[in-house]
Amino acid sequence: MVDPSGRVVTQERSSASDSFEAFFSEAEPRLRRALVAAYGLDRGREAAAEALAWAWEHWAELASKTNPVGYIYRIGVRRTRWRRMPVTYEVADRHETWFEPKLRVGLEELTKRQRTAVVLVHAFGWQLHEVADVTGIAVTTVQSHLDRGMAKLRAALEVDADE
Amino acid sequence: MSSRLDEELRRIVDEGAPPLTLDDVVGRPTLRRSAPATALLAAAVIVVIAIVVAAGVSLRSGNDVTAIRPGVVELPLSELPEGVSVRHVGWREVFVVRHRAKITVFDTDVHHLVGERGLWWCPNEEVFVSPTHAELFDRDGRAIGGPAIAGLDRIPTRVHGGTVVIGSHRLIPGPMPNLHTSLLGQGGGDWDSGPGSFCDQALKANSAARISVLYIEALQTLGFDSKEYSVPAGRLEIRYFGAAGIPFTFDDPKLRRQCELSARTTNEVDRCRVTLQPGRYLVYDPIGSHRAAGLEATIVATRR
């Protein structure tokens, strides 16, 4: 393992670093979107950063998990519990007009699980089982949150099911 | 929902919470939950440290380690000796404790006065000691003597293959002393580390605070709150409280003369002081069959 010239050590170091970076690129958008859907823009992004910081520190342990994104999703959830930031989807410094101004408020009025299902499935095209894998909720429960969330959102936006 | 609404939903999430980068999360400061003011101060200090490290400024020479990105350093495991050694990570002086492939990195804040950071490793006694006020910490960083209010802070570290990666600008707070053993302020002591030890000289010169406090509670259910208490050997103050009318003493006749206590209420403490050499000491309630009923425990005194 130890090469007096240091060549092997250098390779090991770079492969460890590369594998975390590959995981980071793949996991970051999924994790951030899932946590933002659940906890709002600021708190969700903070929770994702905390979870990924934990992942970096415990990479050797995490790399052996079968569902590492789901694992650190729960870390992010745990680490955001003590924060008392409101769930909000107000995008600062945006000059464009929203197509549907009531959408943000409607989103905030959904429950955490309904919002997660609606955002991940509709906005980002996740399959139900993908939502279930990350959040640790059963697929049938995700489906039920999705249906209720959509019904509530449509009512808030005053649109029909086929619009 | 229409594809236009889906698109708008996507934009709310991605524009409102833009992607994180590696630098946002690696070596990220973690705030102390119970002290927001301290957390803000720590965050400010961390930002300054990050800027200094990012600028490649090193205030120390010797065993310096180069940052691979701001606040993160890597070094080969093979360079670290077994046991305790000193490194400079960026500007920060740290103690690296190696036990085979397990690496623990301690900061040198002794958790007493602001700015008091001097810390020595005493190889004979296997303790960390601060020469200024004799704060004492064991090999695992726990506070075991002197006025330190918490154990040594750790710096997050992971070992992958032959490489040690240290995130140098985030701290994991040191453990607080537990309920059973806390530490008194100034006091005399007879801690002797043997001939030739600079640690011994430092401790004597600074009138080290070395009286430990052990809290023992008598329970209504005819028992003490633990069957075994661990304390550092040396001067010990026992503070006894709990269910009224349950006395407490040592099995050892000499210690029994020095320490006979009686619990009155959960709020009123009876106390005594004894000196314990390393070893195991039986304590019990001398009334009738109380000892047989479970009012018996062991105090284990270990070498500091």
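Which residue in β22(B) is the bridge partner of Val231(B)? In β22(B), that partner is Ala301(B). This is a predicted model, in which local features need pLDDT of at least 70, side-chain atom pairs count only at pLDDT 80 or more, and totals for chains, interfaces and linings use all residues. Residues are numbered from 1 along each chain as its sequence is written, while chains are lettered from A and ligands numbered from 1 in the order in which they are written.

**Sheet in chain B**

- An open sheet of mixed pairing is formed by five strands of chain B, ordered β16-β22-β21-β18-β19.
- Strands are DSSP runs (E, at least two residues) numbered from the N terminus, and two of them pair if DSSP finds at least two bridges between them.
- β16 and β19 (260-262) of chain B each have a single partner strand, so one side of each lacks a neighbour in the sheet.
- On average, neighbouring strands of this sheet are turned by 25 degrees against each other, direction ignored; the axes are lines fitted to C-alpha atoms.

**Partners of β22(B)**

- β16 (residues 228-232) of chain B pairs with β22 (residues 296-302) of chain B in the parallel sense, over five bridges.
- β21 (residues 279-284) of chain B runs antiparallel to β22(B), and six bridges join them.
- Arg280(B) has Val300(B) as its bridge partner in β22(B).

Key. Helix = DSSP H or I, 4+ residues; strand = E, 2+ residues; numbered from the N terminus. Axes fitted to C-alpha atoms, helices over the stretch in contact; angles between N-to-C directions.
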